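Please open the model in a viewer and keep the sequence at hand.

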Amino acid sequence: MKTDKEILENFKCRRCGNCCKWPGIVRLTDEDADNIADYLGIPFEEFIEKYTRLSPDRRCLVLTDNEQGGCIFYSEPPPGCLIQPVKPSQCGAFPEQWRTKLWREHCAGAKEENQTPKDKKKES
């Protein structure tokens, strides 16, 4: 089995959306919030009211969750981020700068990179 470092060397996001469906928080920078509000074409204050809440540690705003506990801006079918061009910096940093312990089991890009050449032949 490859190490995280080996997987990340050639990692390509497959846009499976699994990281968007995990429970957890998506922290927003001020720039993230400004960019998303502009992209949605709504006033900043309206974006804050509709789509954010205070983080558990009370240090920043985070995106609210959808009914299943994932990101409010993740839509399926088809899988996709409704704010992809301006997605939060935390989202863009996955998995290179942060990842969960179980990311390899859920992330399609990690699963693909973790396969050996023998595994890849079996799928063909």
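The stops below begin with the overall fold and end with the nonpolar cores.

**Whole chain.** Please display the predicted model as a cartoon. The protein contains eight helices and five strands. Followed from the N terminus, these elements run in the order α-α-β-α-α-β-β-β-β-α-α-α-α. Along the principal axes, the C-alpha atoms occupy a box of roughly 55 × 30 × 25 Å. Of the contacts between residues at least 6 apart in sequence, 61% join residues at least 24 apart.

**Surface and charges.** Next, switch to a surface view. The accessible surface amounts to about 8,500 Å², and carbon and sulfur atoms account for 51% of that area. Then colour the charged residues: there are 20 positive and 21 negative charges, and their mean positions lie 9 Å apart.

**Largest nonpolar core.** Now hide the surface and turn to the interior; of the 124 residues, 32% are buried. Select Leu-28, Ile-36, Phe-47, Leu-63, Cys-71, Phe-73 and Ile-83, which touch the most other members of the largest nonpolar core, a group of 13 residues. Helix 3, residues 30-40, gives the most to this core, namely three residues.

**Around Ile-83.** Centre the view on Ile-83. Which residues does Ile-83 touch, if those up to four places away in sequence are not counted? The partners are Ile-36, Tyr-39, Leu-40, Phe-73 and Pro-88.

Definitions and conventions: Residues are numbered from 1 along each chain as its sequence is written. This is a predicted model: local features need pLDDT of at least 70, side-chain atom pairs count only at pLDDT 80 or more; totals for chains, interfaces and linings use all residues. Side-chain values use heavy atoms; hydrogens and water are left out. Helices (H or I, at least four residues) and strands (E, at least two) are DSSP runs, numbered from the N terminus. Buried means under 20% relative accessible area, exposed over 50%, partly exposed in between (1.4 Å probe, protein chains only). Contact means heavy atoms within 4.5 Å. Accessible areas come from the Shrake-Rupley method with a 1.4 Å probe; for residues, only the protein chains shown count as cover. Lys and Arg count as positive and Asp and Glu as negative; His and the chain ends are not counted. The place of a charge is taken as NZ of Lys, CZ of Arg, CG of Asp or CD of Glu. A nonpolar core is a set of buried Ala, Val, Leu, Ile, Met, Phe, Trp, Tyr and Cys residues joined through side-chain atoms within 4.5 Å.
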